[in-house]
Amino acid sequence: MNRGKLGKIAVLFLAVMLLFTVLSRAADQAGVAVVTTEKPENKMITHDVKATGKVVQKQNQAVVTEPDQRVKAIYVSQGQQVKKGELLFELDTTQLEEQILKQQQEMEKQKLQVEDARSQKDVSARQKASSQAGAAEQYSLSVNEANVQLSRAQQQLEDAKKELEVFRKSNGTTPETGGVEETLENTCQEKSDAYVLAQQELNQVEWKIENAVNTALENAKNAASVNQLAGKKTPETEGSLENENISYGKTYAGENDGTSADDTLIDIEPEDGTASLWTMENTYTQSAGEILEEVDTAGEADAWIAAEGEPGTEKNEILYSADTLELIEDDNNVTANTESQLPPTENAAEPIISLETNASSALPEETDLDLIISDDNADQTDNSNNNIAAPETGTEDGTKQPPTQAELDQIEKSVRDSYRQELSAAQKKVETAQKEKEEAESALAEYQQEKLSSADARNAQSEKQLLANVKTAQQAYEDAAIAVNKAAVTAGRSVQEAGIPDASNSSDRSNEITYEQMELALKKLEKLKEDKGKVYAEADGVIMKINISTGEKTTDTTAILMADTSKGYSFTADITKEQEEYIGTGDMVTLTGGTKDQKLEELPVEAVTADEEDDSVYHVTVQIPEDTFSIGMTATMDFSKKSETYPISVPLSALHLDSKNQAYVLIPQEYDSIMGTEIKALKIGVTVLEKNESYAALAEGALSGQQEVIVSSDKAVDDGSRVRIAE
Amino acid sequence: MAKLVKGMVYLPLILLAALICFPIFFAISGVVMSNWELKEYLGPVLGGMDGMASWSLFPKSPTLQSLIEVLMDSPQFFVMFWNSIKISLCILAGQTLFGVPAAWGLARFSFPGRNAVLTLYIVLMLMPFQVLMLPQYLVLNGAGLLDTHWAVILPAVFSTFPVFIMYRFFSSIPEEILEAARIDGAGSLRIFLHVGIPLGAAGIVSSGILGFLESWNMIEQPMTFLKTKSLWPLSLFLPEIGLADVGVGFAAAILMLVPALLIFLSGQEYLEQGIAAAALKG
C-alpha cells in the first residue's frame, strides 16, 4: 500500500470522525432539557376563593289546611310575590259543612262510649269489693265453725273424762293424785298437744311455701310485662308477705288474743324462767305443771340440746324433698292406724321406763319448737327476699319477653328448694310428736290394762269402755284442732286472692282522649267555615311550590310552600374543602350578580358548613341586605385572603413531590465533564409553609434567596438530569 | 517431501502468529457482539458474577449497536479523540522543530562537553516517567501550565528519545558527503536542510512514528497533569468504561487503533530502521 493511499484513508478517517463528532453532539444536545430558572421572591401568598351560588330565602313558610277538602280555586301561581293577608286559595264550603256535621255526629258517638266505659269501670269496682267482703266473711265463718267443732270436741273429751272419774269414784278406784296413772295421762295430754301444734305448724309452712311460689311466679310474669315497675312492686309484695306471715304466726302462736280462735288454741307461757311450755287452756294444764316439778327440766333440756345440737343447725343439716314429705305423711297415717290397733298386752315394768323417757324428752322438744317458730319468721322473710330477687335478676338484663314454662318451673323449684329445710324440720317435728304421743298413749293403755286385769271383770269392762271413750274423744279433739288451722289457712288464701287487683283498664280515658281530639278537629273545621273556606298568606313572601290543584282534594301535607321574604335573604354557594381552609365565618366577601353586575362589597360570611352527604363540599352562607338581590338570582362570591410576607416564595411549577410525598425543588448546578462544563438539575428538599394556586412559600435554610430555581422545562427533569438554561 | 517439511515449519509459526493476533480478534469480535453476550462472557471479571471469564470469537447475535453508540451517542469519545489528535500532532511538530536540530547538532558539531551532554541525554532517556513526574509537575505548576494541554505536550516535545534516534541516523551520514557540500560552497544551514534532513529522513520519520505512538497511548502524563476532564485524551476513555457499556469500550478501542495503524503502515520501513537504530543505542 503506497503512502498516497494511506494518506487518503487517513484523511477520510478524520473526515468521518469529524462528521460523527458533529452528529453525536447534535444528538446529545437534543436530549438535554432546556429549562428556565428564577430566583425565589419575597412575597405574600394570596388565596382567592371564588364561587358561584344562588340567592335564597332565609326561611320557608308552609301553608297547611284541613285534609280531604275540595279546592275551589287557587289565586296564586308559582314564583308570585304575595303580601300578608292576600288570598291564596279557596275551599268548597258545601263539603266543609258536611264534614262538620259528620264530625259532630262522630263526637256524639264517642261521648256515649266514654260514658259506657266509665259505667263499666264502676260496676267492676263494686264486684271486686263484694267478692273481697265475701271472702272475708267466708274466712270468719270457716274459722268460727272449726272453732265450734273444736269446742265441742273439747267438751266431749272433758265429759268422757268426768264420766271415767265418776265411775272410778263410785268403784273406789280413783287413782291417787300424783300417782302413776295420772302422770301417764298428763304426759299423754302433753304429747297430744305437741302433736296438734306440730301439725298446725306443718300446715302453716306448707301454706307459706305455696304463697311464696305464687308470689315469685307472679313477680316473674309482671317483671316481663312491666319491666320498669318490677323494682317498685317487689318490695310491696315482700312486705305484704312478711306481714301475713307475722299475722299468722301471731294467730297460731296464741300471742294475740283478739280473735275467738286464739282462746281455744295453744298458748305460750314462760314458766319459772326455765322453759316455755305449750299447754291447752283446760284442766290438764295443772297436771302438766306438777309433772314438770318432778322432772329436772332444765338439766334434761340442756342434755337434749347438747345431744342434738343447735335447733337451727339441725335444720340445716337435714334436707327433705317434696316426695319425702308425702312419704312421711303416709307414714303418719300408717303409724296412726298401727297405734289404734296396738294391743295392750305389755308388762308393768316397761311403761314406767317409757314414762320417764317421754316425760324428760317432752319439754326440750317443746322448747325446740318454740325456737324454731321464732326462727321461722326470720327465715321466711329471708327466703322471700331470695325468692323475689330471683325473677328480678332476670329482668335486669333487659329481657321483656314473658317467661317460658320452663323458666317458671325453674323459679318454682328454686323457691321450693329454699323452703325445703323448713318443711323438713316441720315434718320431722310432726313425726316425732306423733311418735311420742303414741308411745305415751301406749304406756297409759298398758298400765290401765294391767290395772284392770287385777279388778273384777264387770267393773273392768265398764272402765275399759270409759277409757276407750276418753281416747276417742281425745283423738276427735286433736282432729278438730288441726281442722281449725286448716280452715284458717284455706279461707285466708281466698281472702288474699280476692284482694288481687284487676288488670288495668284504660279504655275510658282512651275514649276521652279520642273525644278531645275530635273536638279539636271540629274547631278547626268551624274556623275554616267562618273564613268561608278562604286561606290567606300569613306573611309577605314568594310562592315557591303549590301542592294542590283546583277540583282535587287537599291532603294533610303542605298545600303551598312560601318563601318568607320578611325574614330576609341569604346567598349560598358551594366551595371545595381546599377553599374552605381560607374562608371562615365573619370574613368579608364581595358578591357580584344581577343583570347589571351589581356589586355588594364587605358582606360578612354568616356560616361555612360541611355538606351532610359529601364531605369534600362546603356551603358558604352570606347574609344579603334587603332590596339588593332577589330570590333565585345567581351571584358570584369573591374572597381574597393574604398571608404574611415570605422571603422565599417560588412558583408552584418549581415545586415537586417525590415518591414519599416530600416536597423538593430543582436547582441548576454546573459540573465538570468530558464535554466541558455542563449543567445538571440538583434536588433540594424543602418545607412548604403555605401555597396557593400559583406560588408556594418555602422555609428558609434549604434554599437561599440568591439561588436560581428551575421553574419550567421543555422535558421531564429530575435529580441529575442534564439541562440547559434557556437564554 | 520438501513441502511437508516446509509445512511443518509453518504450522507452529501460524499458531504462534494466531496467538499473537488474538487480542486483535478479541477486540474485533467484541465490537460486533451484543451487550448481553458480553456480560455473559465478561461478567465474572467485570460484574462480580460467579465462574470464569470466557470468550467466543464468533458472536451468537452479531450487531453493530456498540459501534453506532460510540459514533452517534458518545460525544465524549470525540472530544477525547480530537484531544488525542491535538496532543499527538503538537508533540510531533515540537519534536520535529526542536529534536531534529538538536540531534543534528549533537551528531555533526564538535564542541566542548558534547559527550557529557550526550551522556545526560541517554541517562534522561533511560529514566522512567515515574522518576520525572514530580520534577515535571513542580516545573509545570511553577510555569502555570498545569491542567492545560501544554503540560502534556511540552515535556514530550523535549523528550530525549527522538533526539537519540535521530542522532544515530545523523551520525551515520558519511563525513565525505558533508565535505563535498562545503566544497561546493554550502553553509551549515544549507548542509543541514539539503543534505542532513534528506539523508536522515528515515531517522526522522521513525522517531516521528514512535513519538506518535507514544503520545497516542500516553496515560500517566494526562492523568497526572490534566484535571479538567474535557482536556483528557482518548487513552483515558477506556478506563471510564464499565460492564454496562463494555461493547462501547471495544468499539472505542478499534477506533483508537485506526490512526496508529495508519501511521504505522505509512512509515513501516522507516520504523524498522528506527527500531534497529534504537536497538543499537545500548
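This is a predicted model: local features need pLDDT of at least 70, side-chain atom pairs count only at pLDDT 80 or more; totals for chains, interfaces and linings use all residues.
## Chains

Chain A contains 14 helices and 23 strands. Its length is 727 residues, of which 40% count as buried. When contacts in chain A between residues at least 6 apart in sequence are taken, 79% of them join residues at least 24 apart.

Chain B also has 14 helices, but zero strands. Read along the sequence, its pattern is therefore α-α-α-α-α-α-α-α-α-α-α-α-α-α. Chain B has 282 residues, and 41% of these count as buried. Of the contacts in chain B with a separation of 6 or more, 76% come from residues 24 or more positions apart.

Two packed helices are described by the angle between their axes and the distance between the axes.

| Helix pair | Angle between axes | Distance between axes |
|---|---|---|
| α4(B) (residues 75-108) and α10(B) (residues 188-199) | about 95 degrees | 12 Å |
| α2(B) (residues 35-47) and α13(B) (residues 246-266) | about 95 degrees | 9 Å |

Angles of 65 to 115 degrees count as roughly perpendicular. On that basis α4(B) and α10(B) are roughly perpendicular to each other. On the α4(B) side the contact is made by V100(B), P101(B) and W104(B), and on the α10(B) side by I191(B), F192(B), G196(B) and I197(B). By class, six residues of this contact are nonpolar, one is polar and none is charged.

The helices α2(B) and α13(B) are likewise roughly perpendicular to each other. Here N35(B), L38(B), L42(B) and L46(B) of α2(B) meet V246(B), G247(B) and F250(B) of α13(B). The contact of α2(B) with α13(B) divides into five nonpolar residues, two polar residues and no charged residues.

Helix α7(B), which spans residues 149-157, has the buried residues H149(B), A151(B), V152(B), I153(B), A156(B) and V157(B). The elements that cover these residues include α4, α6 (129-142) and α12 (220-225) of chain B.

## Aromatic pairs

A pair of aromatic rings is described by the distance of the centres and the angle of the planes. Over all chains, a search of the whole structure finds 14 aromatic pairs. One of them is formed by W104(B) and F170(B): the ring centres are 5.1 Å apart and the planes stand at 90 degrees, so the pair is edge-to-face. This pair links distant parts of the chain, with W104(B) in helix α4 of chain B and F170(B) in helix α8 (residues 160-171) of chain B, 66 residues apart. Both W104(B) and F170(B) are buried. W104(B) is also one of the α4(B) residues in the contact with α10(B).

A stacked pair is formed by F212(B) and W216(B), at 5.5 Å centre to centre and with 15 degrees between the planes. The two residues are in helix α11 (residues 201-217) of chain B; because they are four residues apart, about one helical turn separates F212(B) and W216(B). F212(B) has a relative accessible area of 4% and is buried. W216(B) is buried too, with a relative accessible area of 1%. Both belong to one aromatic cluster, formed by F13(A), F77(B), F78(B), F81(B), W82(B), F212(B), W216(B) and F237(B).

## Two buried residues of chain A

S192(A) is found in helix α3 of chain A, residues 180-225. Its relative accessible area is 1%, and S192(A) is therefore buried, since buried means under 20%. The side chain of S192(A) makes a polar contact of 2.7 Å with the side chain of Q474(A). Apart from neighbours within four places in sequence, S192(A) is in contact with K437(A), Q474(A) and E478(A).

L591(A) lies in strand β13 of chain A, residues 588-593. L591(A) is buried, with a relative accessible area of 0%. Not counting residues up to four places away in sequence, L591(A) touches F571(A), Q598(A), K599(A), L600(A), L603(A), V622(A), I624(A), F629(A), T636(A) and M637(A). L591(A) and E602(A) are eleven residues apart in sequence, and their C-alpha to C-alpha distance is 8.7 Å.

Technical notes:
Residues are numbered from 1 along each chain as its sequence is written. Chains are lettered from A and ligands numbered from 1 in the order in which they are written. Side-chain values use heavy atoms; hydrogens and water are left out. Axes are lines fitted to C-alpha atoms, for helices over the stretch in contact, and angles run from 0 to 180 degrees between N-to-C directions. Angles under 35 degrees count as roughly parallel, over 145 as roughly antiparallel, 65 to 115 as roughly perpendicular and the rest as oblique. Contact means heavy atoms within 4.5 Å. Ala, Val, Leu, Ile, Met, Phe, Trp, Tyr, Cys and Pro count as nonpolar, Asp, Glu, Lys and Arg as charged, and the others, Gly among them, as polar. Buried means under 20% relative accessible area, exposed over 50%, partly exposed in between (1.4 Å probe, protein chains only). A polar contact is a pair of N or O atoms within 3.5 Å; within protein, one must be able to donate a hydrogen and the other to accept it, and residues adjacent in sequence count only if both atoms are side-chain atoms. Rings of Phe, Tyr and Trp (its six-membered ring) pair if their centres lie within 6.5 Å; planes under 30 degrees apart count as stacked, over 60 as edge-to-face and the rest as tilted.
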